[in-house]
Amino acid sequence: MTADAAPSASRAPGRSPGNRGRLIASLAVLGPGLLAGLSDDDPAGITTYSVLGTDHGYRLLWVLLLSTLALILFHNLASRMGVITGQGLIGLIRHRYGVRAGAAALLVLVVANTGTAAAEMAGVAAGSELLGVSRYVAVPIAAAGVTALVLLGSFHRVEHLLLAMASVFVAYVGAALLAHPDWGAAGRGLLVPALSFSHAETGIVAATVGTTLAPWGLSFIQSYAVDKRLTVRDLPYERVDVVLGAVLTGVIGFFVVVGCAETLHPDGLHIQSASDAAVALRPIAGDFAGGLFAVGLVGAALLAAAVLPLSTAYSVCDLTGSQAGLDSRFADARVFYGTNVAVTALASALVLLPHVHLLPLLVATQALNAVLLVPLLVAMHLLSRDPDVMGGRTAGPAASMAQLLVIAGVTASAVLLIA
Amino acid sequence: MIPLTRLIGRRLSEAAGRSRQRLRDVVVDVTEPDGVATGLLLGRSAHARFVPWRDVRLHPRTGMPTQFVDGHPRAVVTGSELLLVRDVLDSRVYDVRARRTDRVAEVWLELREGRLEVAGVEVGARAMVRRLLPIEPSDRASTAPRMLLPLSAIHLMSPGGHRAQLSSAGSPVHRLSGAGTAHLLTHLPPDAAAELARRLPEQHRRRVVQRLHPRVGDRLRQALGSGSPARRPRTRRTDGWRLFLPPEDDHKGPR
C-alpha cells in the first residue's frame with residue numbers, strides 16, 4: 001500500500017504490526033531518551049554522585065530515585081512536545097511567550113551550556129591524565145573528534161556512535177561490583193527517605209536533583225526528537241526510549257554512589273571531584289576498579305561534550321528559525337554547525353588556556369543551570385496544558401499534578417541550597 | 001504600514017463607554033490571497049470577545065483601532081480563519097519560493113479602503129533583533145521592512161495556520177507544482193505532511209509521492225499509517241541528506 005491510497009483504507013482493521021514489527025519500530029525510535037538521559041551522567045553528575053556516596057554513604061540514595069522519576073516525567077514531556085509541535089523548546093517558548101522570553105532563555109542556556117561543555121572537557125582532561133595522557137593531547141583530540149562526528153557523520157552514524165560511547169558507563173557497574181557492596185543497606189537507602197536538613201545534606205540533595213534534570217538535557221531531547229522526525233505514532237515507543245534512558249541514568253548513578261559508599265565512606269574520606277574518587281578507589285578496591293572509574297569518566301565526558309554543543313546549536317536555530325539538522329548540508333545550516341563548532345572550541349580553550357580558573361566558572365555555570373531550570377519546567381508545564389500548542393493531546397490532570405510536584409521539589413531544593 | 005506588535009496590547013474603548021478591552025489578536029481570513037482581517041479578539045483568552053471589523057472604529061488621524069461597538073464571546077475561529085498572534089507571529093513558515101523554513105519576526109498590516117489587510121510577514125535576524133531592542137513599538141513603524149513575504153508566498157507551519165491554509169482553496173499550498181509540493185512535504189513535520197497529503201487530489205498526490213525521496217515517501221507512509229517498518233538506517237553520509245530533497249526542477253514556487 002502506498003501513500004497514494006486513501007487514508008481511511010490505509011490500515012486494515014484489526015491488523016497488528018506483530019511483535020517483530022513492534023520491536024523493529026521500537027529500535028528505530030530509540031535514541032533521544034537514551035542520549036539525553038545518559039549524557040546527564042556527565043563528569044559533573046559523576047562527581048555529584050561520588051560526593052553523595054563518599055560523604056553520606058547509602059543514606060541519600062532515595063534522592064537519586066526521585067530524581068530519576070522526575071527525569072522520566074520531564075524528558076517524556078519534552079519528547080512528546082517535540083513530536084506533537086514539530087518545534088524545539090526554545091522555539092516553542094518564542095512562539096507562545098514572545099521573542100524576548102525566547103531570547104532570554106536562549107542567552108542563559110548558551111552561557112550555561114558553554115560553561116557545562118567546559119566542565120565536560122575538564123572531565124576529559126582529568127580522566128585522561130588519570131590514564132597517563134596529557135590534557136594538551138586529549139582535549140584537542142576529543143574536541144576534533146566530536147566536531148568531526150557532528151560535521152561529517154549522518155544522523156544515524158552520529159546517533160550510533162554516541163550510543164556506543166554510552167556503553168562505557170558499564171565501567172561504573174564493574175567498579176561498584178568490585179567493591180562488594182552491602183545490598184541491604186543500599187536497598188534501604190534507596191527506599192527509605194532520610195534527611196537531617198544540615199547544610200551539607202541539603203546542598204548535595206539540590207546538586208543531585210540539578211545534575212539529573214538539566215536544562216540542556218530538556219532542550220536537547222525535544223529538538224532531537226524533532227530532528228529524528230518522529231511521529232505521533234512513534235510516541236509509545238519513544239516513551240520506552242525515555243524510560244530506558246532515565247532508568248539507565250539512575251542505575252549508573254546508583255552504582256557510582258554504591259561504589260563510593262562502600263569503599264570511601266567507611267574511611268571518612270572526602271573528595272572534591274570524580275577523578276579524586278578514581279584515585280581514592282585504587283588502594284581500596286584495586287587498580288582495576290580505579291582504572292574503570294577513570295575510563296567511565298572519560299567516556300561520560302566525551303558523550304556529554306558531543307551532546308552539549310548539539311543541544312546549544314539546536315536551541316539557537318530554534319530561536320532564529322535557521323535550518324537545523326544533523327543531515328543538513330553545511331551550506332544550508334551554517335548557524336547550526338557554526339554554533340556547534342564555536343561552543344566546542346570555546347569550551348576546549350577554557351580548559352587548555354593557562355591562567356583561566358575553571359572552578360569559579362563551573363560554580364557559576366551550575367548556578368545558571370539552577371536559575372534556568374525552574375522557569376523552564378514551569379514553561380513546559382504551561383505549554384503542555386495549552387490546547388493551542390498541543391492540540392487534543394494536552395497533559396491530563398494526573399500528569400499535570402506530577403509535573404507540579406516535581407517543580408515544587410526542584411524549587412524547594414534550590415531554596416534549601418540558598419538558605 | 002502597521003506592525004502587528006504595535007497593535008497588540010492596545011486598549012480599545014467600547015463605544016458606549018462601559019469598558020475598555022486590551023487587543024489580544026487579529027482574526028484573518030485567508031480565503032483572499034493576502035489575508036483580510038475579519039475582526040479583533042479582545043480581552044483575556046478564556047473570555048475573549050470577538051469584534052467584527054465592521055464594528056471597529058479607527059482613529060481619524062493615525063488609523064489605529066480605538067473603539068468598538070459591541071462584541072460577543074467566540075471561543076474558536078473556524079474554517080479558513082487564523083489568528084495572527086497565535087498562528088503567525090514568531091511561528092515557523094515555509095517560504096515556497098526559496099524552499100526553506102524560517103521564523104516570522106513581524107507581521108505587517110495595511111489599511112486599504114477601510115479594510116485591514118496583511119501586507120506580508122518579515123523573517124530573519126534583523127527583524128528579530130529590532131523587536132529585542134528597547135524601542136517603543138510605535139517607533140518600529142518607522143523602520144520599514146527590507147523585504148516582505150506575502151501570505152500567498154508562504155505556508156504556515158503552526159497548527160492553526162497550517163489548517164487554515166489547507167482549508168482555503170486560494171492558499172499557495174493548493175497552487176504548488178508537483179515538485180513544489182514534494183519540497184513542502186519534505187520540510188513539514190511528518191504528521192503535518194500526512195495531513196497535507198490526505199487533502200491532495202488523488203492524481204496530484206500520486207505525482208507528488210513519485211517525486212519524493214524514497215525515504216521521505218517511507219516516512220509519509222508511516223505517518224499515514226500505511227507503512228512497513230522503517231528501512232535499514234543509513235550509516236553513510238553519501239546515502240543522502242536527512243531532508244532527502246526531491247530532484248530539482250524549473251518550477252520554483254506556485255504553479
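1. Let's start with B:D90. It counts as buried because 28 C-beta neighbours sit inside 10 Å. (A residue is buried if 20 or more other C-beta atoms lie within 10 Å of its own, exposed if 12 or fewer, and partly exposed in between; the C-beta atoms are placed from the backbone.) You'll find B:D90 in the loop between α2 (84–88) and β10 (92–95) of chain B. Helices here are DSSP runs of H or I with at least four residues, strands are runs of E with at least two, and both are numbered from the N terminus. Have a look at the backbone too: phi of B:D90 is near 65°, a positive value in a residue other than glycine. Most residues other than glycine have a negative phi.

2. Before going on, a word on what you're looking at. This is a predicted model, where local features need pLDDT of at least 70 and side-chain atom pairs count only at pLDDT 80 or more, while totals for chains, interfaces and linings use all residues. Residues are numbered from 1 along each chain as its sequence is written, and chains are lettered from A and ligands numbered from 1 in the order in which they are written.

3. B:R99 also has a positive phi, near 55°, and it is not a glycine either. It sits in the loop between β10 and β11 (100–112) of chain B. Is B:R99 buried or partly exposed? It counts as partly exposed, because it has 17 C-beta neighbours inside 10 Å.

4. Now the two chains in outline. Chain A has 19 helices and zero strands, whereas chain B has nine helices and 13 strands. In chain A, 56% of the 419 residues count as buried; in chain B, buried residues make up 46% of the 255. Two residues are in contact if their C-beta atoms, placed from the backbone, lie within 7 Å. Take the contacts with a separation of 6 or more: residues 24 or more positions apart account for 83% of them in chain A and for 59% in chain B.

5. How many of its 10 residues are buried? The count is 10 of 10, so the helix is mostly covered. Among them are B:G178, B:H183, B:L184 and B:H187. The buried residues of α6(B) pack against β10, β11, β13 (154–156), α7 (190–199), α8 (202–211) and α9 (214–224) of chain B.

6. Compare helix α5 (residues 159–167) of chain B, where the buried residues are B:P159, B:G161, B:H162, B:A164, B:Q165 and B:L166. Their cover includes β9 (81–83), α2, β13 and α7 of chain B.

7. How do α7(B) and α9(B) cross? They pack at an angle of about 80°, with their axes 9 Å apart. (Axes are lines fitted to C-alpha atoms, for helices over the stretch in contact, and angles run from 0 to 180 degrees between N-to-C directions.) The two helices are therefore roughly perpendicular to each other; angles under 35 degrees count as roughly parallel, over 145 as roughly antiparallel, 65 to 115 as roughly perpendicular and the rest as oblique. From α7(B), B:P190, B:D191, B:A193, B:A194 and B:A197 meet B:R219, B:L220, B:A223 and B:L224 of α9(B). By class, this contact has seven nonpolar, no polar and two charged residues. (Ala, Val, Leu, Ile, Met, Phe, Trp, Tyr, Cys and Pro count as nonpolar, Asp, Glu, Lys and Arg as charged, and the others, Gly among them, as polar.)

8. Over in chain A, look up A:L326, in the loop between α15 (287–320) and α16 (334–352). It counts as buried because it has 26 C-beta neighbours inside 10 Å.

9. Finally, confidence. The model scores ipTM 0.80 and pTM 0.82. Chain B has a mean pLDDT of 79, and 80% of its residues reach 70 or more; pLDDT is the predictor's confidence in each residue, from 0 to 100. Among the elements of chain B, β13(B) has the highest mean pLDDT (94) and helix α4 (residues 137–140) the lowest (56). Over residues 228–242 of chain B the pLDDT is below 50, though this stretch has 29 contacts in the model beyond near neighbours in sequence. Where pLDDT is low, the predicted coordinates should not be read in detail.
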